[in-house]
Amino acid sequence: MTATEGNGGNEGGGGGGGDRAAGGRHSWDDGLIARRAHRRAAGRAAHRPARAMDQGAVEEAAPDIPGAAMSYFPEEEAGRRSFGGPPYAVYQAGVRSFATGTLRPRLEALRQLVGLSRSRLEGRTLAGAARVLDEADARGRHPYGHTVVAVAGATGSGKSTLFNALAGASLSETGIRRPTTATPLACAWTDHADGLLDRLGIPAVDRRNPGYPYDPALRGLVLLDLPDHDSAAPGHRERVDRLLGLVDAVVWVVDPEKYADAVLHERYLRPLAGYAEVTFVVLNQVDRLPGEAADQVLDDLRRLLDEDGLALGEHGEPGAAVLALSALTGEGVAELRETLARLTAECGAAERRLSADVDGTMTRLRPQYVADSGPVGLTERARAEFEDRLAEAAGAGAAGKAAERARLRDAEWACGTPWGRLRRRKGRASGGPPGGSRGSRAPGAGERTEIPGARARTLAMEAVTARPAVEEAVRTLGDEATAGLPGPWAQTVREAAGWGGRGLAEAVDEAVAAETAHRRPVRPVWWSMVAAAQVTVLLVQVMGVLWLLGAMAGVFGGPDWWMPALLVLGGAVVGPTLAWGSRAAARGPARRHGRSVEGRLREAAAECGRRRVLEPVETELARYGEVRAQYVVAAGGA
């Protein structure tokens, strides 16, 4: 990173730490220092053994490759790092990424969640999740080993003084004029933060280098000095809010007079309570407090933070660190520097910050995906009841009973006596009450014989036109399917059921008609045998009558009239008995036939309901189940 600061723009050498411009700011070219360090390293490599020479040749072969995996310092000179050395031009950042933690699967689940929900939820509902994903992608394009820490505070809190104390140089202007800091300043303990600073919108003129000698413990730290969050100058607060949404960690600087400021707690600390692990609250200017007043103010500050919901990292627990220091005298600054050094060395601040972003997003999205009102889904009982309601609306039961009666009438007609058929035919032709049992009718002149299933079809088609029954079945199913669903997904399930219910009555009507059309049951063989027997009995009777008349007229001679009389009487008994027995034998098959017709019509109506209503509803429920699973993963539950 090459930064031009102040008015000088002069280049400084690496040995003396650089020149000072008129304004007292650093003005040097870190790239020049890095190249000189390469040359020094190459010169030392000439006096090393062969193995060391190979390594030195590798270093010299790639002097200008950022992030090359090599070191400027030979092992025997490691002790020089603590009191002076070149800047971190070859610091290999990014060795730790989200792939080594739990954040990547959560981000992937959140991405799937947003993709599956775009057509079900409003765009503004998913806007926060989309911003988190965009922020994670943008942050992931830069090394995770770099830790961006913002120093924020109110007017007069001394944050710029603390920024200078941490940097080891007077980089940020301090004074009594308010606001002192008008634009964010950056100080980086690395030469590879240009991409991060570009993303943060920090221009090159506002980028600084830490004071020399460099502290190797802070390697990878990028420190920002933000404008006052309560500044009256236009645009200052907007800049602060924007950067607070981009940095990895925040050091909030408060002073003994304004540590309980309502604006600080209500606008910043309370809403950001979920970011406790990357939050540091520093009570500055403790040198102004006499005796034990500093401890009392610090305790009161902890109490206020606890009321804000900000978890405090006490007794080894994760949470916000609360420190007391004086940036002016240096008291406690070393402790804060050590804390920042540990945070930077862990290389996990960015991941924890983004994890907190995801946590907040999932908390806001919870009402859209989770409901606490019982089990979710469509039970087998609800499916069966829906199909039963459709079958009842289709008249399947009535059609089955009608088919059973029609089967019995056909059996009576096929197996009945010829005299009974003639009597039923005359009754139908005269328009009077039908003869025979159970109102059976025989085909008359110009009439079509009523076949089994025809009346069943007519009854079913008449019953299905009762649209309110079908609509009620769809509404009931929608209510049962949405039980326990969050509002948006319940609405989509109801809409799916409603769309499928449109025209369902007509569809069931067509399905029932198609099922009953051209379905004439097979005539049993024994019906034909009984019909032949009835014809034989009739012929025997006719023969007996002729014989009896001939005997009475003396045609056949002799008075033996009892034999033809016996034939006539036997035919009169055997015919009706055979018809009655055939009817009794046909009851069981007729009942089974009626049940078969009812079952076919039920299945036709149920299949229509499954295709038009149940399948769309189950598709929406399956999508919700998938979305809910992704929500659990994104929320950290898996």
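Ala, Val, Leu, Ile, Met, Phe, Trp, Tyr, Cys and Pro count as nonpolar, Asp, Glu, Lys and Arg as charged, and the others, Gly among them, as polar. With that in hand, welcome to a few close-ups of this predicted model.

**View 1. The largest pocket and its lining.** This pocket has a volume of about 520 Å³. Of its 20 lining residues, Leu272, Tyr275, Arg353, Asp357 and Arg364 lie closest to the centre. By class, the lining holds seven nonpolar, five polar and eight charged residues. The biggest share, seven residues, comes from α11.

**View 2. The second largest pocket.** Here the volume is about 440 Å³. Among the 21 residues of the lining, those closest to the centre are Glu277, Phe280, Gly319, Ala321 and Thr339. Strands β8 (279–283) and β9 (321–324) and helix α10 (333–346) each give two or more residues, and α10 gives the most, with five. Nine nonpolar, four polar and eight charged residues make up this lining.

**View 3. Helix α19, end to end.** Spanning residues 525–553, α19 reaches 42 Å from its first C-alpha to its last, close to the 42 Å expected. Its buried residues include Trp527, Val530, Leu538 and Gly544. Just past the helix, glycine 554 adopts a positive phi of about 80°.

**View 4. Where to look with care.** The chain has a mean pLDDT of 76, with 74% of its residues at 70 or more. Confidence is highest in strand β7 (residues 249–254), at 95, and lowest in strand β2 (residues 26–27), at a mean of 33. Over residues 1–96, pLDDT stays under 50; residues 432–465 are likewise below 50.

Note on methods:
Residues are numbered from 1 along each chain as its sequence is written. This is a predicted model: local features need pLDDT of at least 70, side-chain atom pairs count only at pLDDT 80 or more; totals for chains, interfaces and linings use all residues. Side-chain values use heavy atoms; hydrogens and water are left out. Helices (H or I, at least four residues) and strands (E, at least two) are DSSP runs, numbered from the N terminus. The expected span of a helix is 1.5 Å times one less than its number of residues. Buried means under 20% relative accessible area, exposed over 50%, partly exposed in between (1.4 Å probe, protein chains only). pLDDT is the predictor's confidence in each residue, from 0 to 100. Contact means heavy atoms within 4.5 Å. On a 1 Å grid over the protein atoms alone, a cavity is a set of points where a 1.4 Å probe fits but cannot get out, and a pocket is an open set with protein on both sides within 12 Å along at least five of seven lines; lining residues have an atom within 4 Å of a point. Grid points are joined across faces, edges and corners, and a volume is the space filled by probe spheres set on the points.
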